[in-house]
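The sequence and coordinates come first, and the description follows.

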Amino acid sequence: MERRDFFQKALAVLLALPFVGWLRRGKSAGGPLLWQIDPKKCIQCGRCATECVLKPSAVKCVHQYASCGYCEFCSGFFHNQYRQLNTGAENQRCPTGALQRRYVEGPYFEYTIDEQLCNGCGRCVKGCADFGNGSLFLQVRRDLCVNCNQCGIAMACPSQAFVRVPHDQPYLYKHAPKEPAT
Amino acid sequence: MIFFAQMRFPRPDFEDYVEPAMNLETQVADGIYLRLAVLAILLLFTGLAAYRWRSRRVLLLLSALSLLLLGFVFSACPCPVGMYQNVLAGWFTDYPLTLGVLLLFVLPLAVALYYGRLFCMGGCPLGAMQELLHFKTLQVPLWLDRIGRQLALALLLVGGVTEASGGGFHLCHGDPYFVIFSFGVSWTHLAVAGVMILLGVFVCRPYCRYMCPYGVLLRLCALAAPRKIAITGGDCISCRLCEQSCPNGAIVAPEPLKAAESPEQGRRRLGWLLALTPYVIILCAWAGYSLAGPLCAVHHDVKLLQSLDGNLRSDATVAFASSGRPLSELRDSVAQQRRRMRIGLTISGAIVGLAMMLELMALSRRRSPGRTYEVDAGLCVACGRCYDVCPVEHMTVKLRKACPPAAKSDA
């Protein structure tokens with residue numbers, strides 16, 4: 001049994017090795033790592049809607065109001081071949097009608113996202129980035145994402161926009177971070 | 001505030017308008033420690049059920065519990081099976097390794113180092129699903145079983161090399177049962193899961209035995225464990241009844257009862273195996289080397305460079321063009337990944353070849369003269385089937401428990 005004893009000790013030392021590696025790295029990352037989209041790299045290819053293990057996807061469109069122009073003609077809301085500037089389905093870019101608009105004042109409209117309907121396809125994001133301010137962006141919702149060890153979308157992402165972030169900074173914003181509105 | 005998008009349309013000055021909240025919840029529950037606690041409790045009870053209570057029924061119950069809790073309630077991912085990739089990534093790349101991940105990876109192995117592969121039965125949702133859906137045992141010939149097990153080793157090494165060269169966690173992505181735990185992935189995934197489950201109905205634990213990379217590590221640890229599962233609670237009378245009861249081929253027959261084979265035959269076979277070993281190793285290493293080319297395509301950069309060189313337009317090339325990343329840097333990174341894959345897979349192939357021959361030789365080797373039936377600790381997953389088969393267990397241990405001396409015995 002001496003040989004087995006030796007092997008057991010050797011394996012125990014091997015098992016302890018990763019902890020040495022962890023200590024060597026310092027305790028920078030204490031919690032889990034979370035998947036996020038780097039909005040600067042995202043090209044809105046539409047794979048977020050199809051590659052997530054969840055159906056519908058855990059990726060949703062997020063509106064950063066601080067940089068919205070509140071345009072009457074919103075290129076994120078209206079299709080390129082729109083017929084009229086109203087909320088008719090044939091005018092809308094969003095395939096599910098998740099992007100909704102509401103009159104505020106003057107010529108200005110507020111655009112909100114109904115997350116129950118949003119499938120994360122990113123068409124509005126592309127429209128907004130092409131002709132507007134780029135205030136819409138796609139992001140992984142923390143309350144939906146199951147945080148797979150290997151994200152299915154990350155594997156398929158053509159621009160490598162999926163990154164892991166530490167869990168104390170769980171969201172990547174499109175523009176400079178702003179203190180969350182309460 | 002810095003905007004990198006163009007502010008083409010300035011924000012209007014509203015009088016009394018309050019913008020809605022962005023509704024990004026920043027509270028994130030760290031589920032990994034809860035998972036770890038559940039796993040630890042399950043392993044504790046599995047140990048008790050396998051060593052003290054010796055009850056397959058309790059073991060099955062624990063198996064079902066692990067499937068329910070670790071599989072469905074906490075979602076199967078992340079699980080210890082895929083964690084070795086995280087550990088490797090933490091070592092070789094800039095992936096930050098966290099303590100929770102590390103503990104989840106080490107706990108089942110540490111348990112295996114003392115008490116064998118309790119994790120496979122009572123802590124692994126993948127194992128539980130195979131265990132619960134196995135009905136008719138088809139015994140795999142030992143030599144085929146041993147060769148097949150090298151596939152798991154190969155997957156362990158290939159997955160490790162791919163990960164260490166920066167290619168992502170492919171074993172997680174390729175887990176055949178994952179679709180069961182996260183409903184609604186592609187039809188291909190469903191079809192693969194269906195085939196594996198169907199296979200599992202007849203061949204016990206096909207994934208555990210022939211594909212699970214973590215199982216290879218568990219087996220190694222379990223082999224060094226000072227304690228192993230006993231087939232009988234009493235004294236073995238070599239009645240041979242348990243011989244066919246193990247669907248995993250983990251029961252080792254005592255030497256005199258092994259298939260009648262003259263020592264010359266055994267010696268000749270051993271000689272042949274020894275002579276073949278170098279060739280098998282070279283062949284496997286060559287196979288690994290030639291696999292490196294196609295497997296490189298799992299790397300994003302390699303695929304990207306292929307489409308760039310072939311003048312193919314894809315989303316990836318569009319994204320690359322707009323990213324401002326220099327082509328020379330991409331070429332360097334691809335060259336490095338290719339080199340790492342080639343070296344890693346060649347060595348992996350050689351290791352698989354060597355392991356295969358060693359296992360086949362072990363089948364021909366005479367063990368120390370065992371007088372009783374014992375389990376191979378490396379292969380035993382503590383399923384408890386043999387407890388129910390052993391007559392000694394039935395007659396003595398269980399009867400004594402069921403009928404204390406005061407009660408009347410009707411056996």
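Ser238(B) counts as partly exposed because 16 C-beta neighbours lie inside 10 Å; a residue is buried if 20 or more other C-beta atoms lie within 10 Å of its own, exposed if 12 or fewer, and partly exposed in between, with C-beta atoms placed from the backbone. The model is predicted, so local features need pLDDT of at least 70 and side-chain atom pairs count only at pLDDT 80 or more, whereas totals for chains, interfaces and linings use all residues. Residues are numbered from 1 along each chain as its sequence is written, and chains are lettered from A and ligands numbered from 1 in the order in which they are written.

**Backbone geometry**

Most residues other than glycine have a negative phi, and most peptide bonds are trans.

| Residue | Phi |
|---|---|
| Gln44(A) | near 55° |
| Ser238(B) | near 50° |
| Ser75(B) | about 60° |

Ser238(B) lies in the loop between helix H12 (213–223) and strand S1 (251–252) of chain B. Helices (H or I, at least four residues) and strands (E, at least two) are DSSP runs, numbered from the N terminus. Gln44(A) is placed in the loop between S1 and H2 of chain A, and it is buried, with 24 C-beta neighbours inside 10 Å. A cis peptide bond, with omega about 0°, joins Lys55(A) and Pro56(A). Pro56(A) sits in the loop between helix H2 (48–51) and S2 of chain A.

Ser159(A) belongs to the loop between H4 and strand S6 (162–166) of chain A. Ser159(A) is buried, having 23 other C-beta atoms within 10 Å. Although 115 residues separate Ser159(A) from Gln44(A) in sequence, their C-alpha atoms are 9.4 Å apart. Leaving aside residues up to four places away in sequence, Ser159(A) touches Lys41(A), Cys42(A), Ile43(A) and Ala319(B). Two residues are in contact if their C-beta atoms, placed from the backbone, lie within 7 Å.

**Chain A and its side towards chain B**

Chain A contains four helices and six strands, in the order α-β-α-β-β-β-α-β-α-β from the N terminus. Its radius of gyration is 22 Å, well over the 16 Å that the globule rule gives for 182 residues, so chain A is more spread out than a compact globule. The radius is taken over C-alpha atoms, and the rule is 2.2 Å times the number of residues to the power 0.38. Along the principal axes, the C-alpha atoms of chain A fill a box of roughly 85 × 30 × 25 Å. Buried residues make up 46% of the 182 residues in chain A. Of the contacts in chain A with a separation of 6 or more, 73% are between residues 24 or more positions apart.

Between the chains, 61 residues of chain A are in contact with 60 residues of chain B. H1(A) gives the most to the chain A side, with 10 residues. By class, this side has 32 nonpolar, 21 polar and eight charged residues. Here Ala, Val, Leu, Ile, Met, Phe, Trp, Tyr, Cys and Pro count as nonpolar, Asp, Glu, Lys and Arg as charged, and the others, Gly among them, as polar.

Chain B is divided into domain 1 (34–230 + 378–400) and domain 2 (264–364), with bounds from an automatic or database domain assignment. The C-alpha centres of the two domains lie 26 Å apart. In domain 1, 16 residues are in contact with 16 residues of domain 2. Helix H7 (residues 142–164) of chain B gives the most to the domain 1 side, with 12 residues.

The largest nonpolar core has 149 residues, and Ala112(B), Leu218(B), Cys221(B), Ile251(B) and Ala382(B) touch the most other members. Such a core is a set of buried Ala, Val, Leu, Ile, Met, Phe, Trp, Tyr and Cys residues joined through C-beta atoms within 7 Å. Helix H4 (residues 99–115) of chain B supplies the largest share, nine residues.

The 18 residues of helix H2 (residues 56–73) of chain B should span 26 Å at 1.5 Å a residue, which agrees with the 24 Å between its end C-alpha atoms; the expected span is 1.5 Å times one less than the number of residues. Among the buried residues of H2(B) are Arg56(B), Leu59(B) and Leu62(B). Their cover includes helix H1 (32–53) and helix H17 (385–389) of chain B.
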